[in-house]
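Have the structure open as you read.

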Amino acid sequence: MDQRPAIELRGLYRHFGERTVLRDVSLLVPAGSTLAVLGRNGAGKSTLLRILATLLRPHAGDVLVFGEALPRRGFAVRGRLGLLAHDPLLYRDLSGRENLGYHARLHGVGPERVEELLDAVGMRRRADEPVRLLSRGLVQRLAVCRTVLHAPSLLLLDEPLANLDPAATELVSPLIGRAAGATRVLTSHDPQAALAEADLVLGLEDGRAAFLTSPDKVDPAAVKRLYA
Amino acid sequence: MTTYGRGLRGLSLAAAATITAALALTFFYAPLDANQGFIQKIFYIHVPLAITALCGFVFGGVLGAMYLRTGDRKWDIRSYVAIHMALIFGIGTLLTGTIWAKASWGHWWVWSDPTLTSFLIVMLLFATYQPLRFSIEDPERQSRYASVFAVVAGAFVPLNFIAVRAAQAYVHPRVLTLTGGNLPGSMRLTFLVALVGVALLYVTLWKYEMAAKSTRMQVRALRRALLGEDSVAPLKRSAAPS
Amino acid sequence: MRTVLTILRKDLLLELRGLETLPAMILFAIVTFVIFHFGLNRDTIDGQLAAGVLTVTLLFAAMLGINRLFVAEREQGGFDAFLLAPVDRSALLVAKAIALFLFLVVLEVIAVPAFGLLLLGPSLGPALPGLIAVLALGDVALAVIGTLVSAIAVQTRARDLIGPIIGLPLLLPALIGMARGAGPLLVAHASSSPPGRWVAILALYDVVFALLSYAVFDFLLED
């Protein structure tokens, strides 16, 4: 296992036109640990995740994932990270199996892995139906499969448990929960749930890091201010 | 940030002087054309406008390539100004061209001339530049896509002229006989002075607009820094880079 | 290369599933021939007029396909899925251009005989090899420029408007090449080889814009 920190941010900035979306964010996430990102809608959580996923480039500051500097070395880390966001990234006219097969081939992963994951989330039976016919919860299960298909060491999870019923939540936990062993960055609208899972907590307010501590040292008043 | 205002007065004077000289030469020095008479003199504004416009488009493409290479917004602003100045000069070309066509050949438009046709195609292409910019809201993406367009369209200019010339050369003789090396001395001098004058005008106007835009941006940035984010109203959606 | 085939396979599968774009392109072409029959008030046409009608019809049918090329990617997260994969990004350009080229080939396999039946005076037979060569080169131009323009347009608000207005002027030299190359072939007693000059112009156009598109495509994908 790598001894280098999984993620290192130093003075990260990202703008949208004249508006600053992320302002001077710095942090360090050790390998294997979980970072929870809290904040209101529009605070910059999704932007941060997308930058880590190499989908957006930093406008200023340093971003290092597995020791590689983004965006220059993006291609070196892409195969080792998995993003689960609002969009499941699945083609609606193709079946679950076909979608996962497409992603598997893009990542150089064999078809057995697809079957293994479909089994793990209980989707074997409905894997051949077009995605547009599936309920939101089933689509989310497929999205989780897509995320972990290539066994990434860094998981970027934007509201991962949205739309999942308790049974499904249990099924996906071994894949994207603490037990998976990967370094994780997750966001959630529910601060309590996120704190329970985290080793490190970042509070984002208007793009700025309002606080960055371990969960037991988090000031409840600060959290309340974030969502006020 | 570069100061575009530097040397602007000298440049403006040079442009004004050269254009005045060109006008003087046109009306008092250049000989009257035997076939077309007085109206032929429009050639001295029409062809320089055309050449400057085309060079402006290619120049815009080069500036766009610089933006793609460096990611520095100032190249995109330069590219934008270059292209929309060239568009204005291009419209001038088409207007003076149709006036000349009507006066000397009796038609407002002639398909048989490859140069006119190529020019029209290039103008149709670049006319889409601003609608394209306007329809992309994310400012960074707008700059990037506009630069890609500028590069492709800039490369298109020479290719287009080759293709259209090949399409028509063997059917009709060159209608515009007063180009290139065929000009007698006095006409050539007038033409060259006019060309330099129009080119200087282009560069001067380019610099003026760059100065205006860059000053506005600096003022906004200073206000934001001194008075806080809210003191500056967000810019409306626009085709121009901010 | 493997990436190109993966994406191509996915796109062909999607089209087979949905079967919207290709039938529409074909129907559009045939209806346009009928419109030309009435618009020109002619039973048969030949020579340069025929070449012009055929080329313009194929061009506008191609526009239908071009407008749809990247829509699934944009609306169903396909861009992100691709960008997250550890693959060469220009593979997307190549795969889409090949897909568009294949659509155009299928379109022509049906539309050109239909044209021969409905509007063309002289028989297609002797002209066919030359015509195929000209159309093939023209299809490459349509595929390359179409993919580039579609990738630009899909990220804008006025999606299906921007594509044609940028694409049509850019395609004019290729169009000239296609129409002028096919003109001499669509007459009675035609030779089977197209005029060399136009083949050369088409080929030059194809090479220049293929290289240019390959060079700039990355900038359209990154953020």
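## The sheet in chain A

Let's start with chain A, where six strands form an open sheet in the order β6-β7-β8-β3-β9-β10, with mixed pairing. Strands (E, at least two residues) and helices (H or I, at least four) are DSSP runs, numbered from the N terminus, and two strands pair if DSSP finds at least two bridges between them. At the edges sit β6 (81-84) and β10 (208-213) of chain A, each pairing on one side only. From one strand to the next, the twist averages 15°; angles run from 0 to 180 degrees between N-to-C directions, with axes fitted to C-alpha atoms, for helices over the stretch in contact.

This is a predicted model, in which local features need pLDDT of at least 70 and side-chain atom pairs count only at pLDDT 80 or more, while totals for chains, interfaces and linings use all residues. Residues are numbered from 1 along each chain as its sequence is written, with chains lettered from A and ligands numbered from 1 in the order in which they are written.

## One edge and its helix

Four bridges join β6(A) to β7(A) (residues 154-158) in the parallel sense. Leu83(A) has Leu156(A) in β7(A) as its bridge partner. Helix α5(A) (residues 136-148) packs on the sheet, touching β6 and β7 of chain A, and its direction makes about 165° with that of β6(A).

## Where chain C meets chain B

Here, 24 residues of chain C are in contact with 24 residues of chain B (C-beta atoms, placed from the backbone, within 7 Å). On the chain C side, α8(C) gives the largest share, 10 residues.

Key. Two residues are in contact if their C-beta atoms, placed from the backbone, lie within 7 Å.
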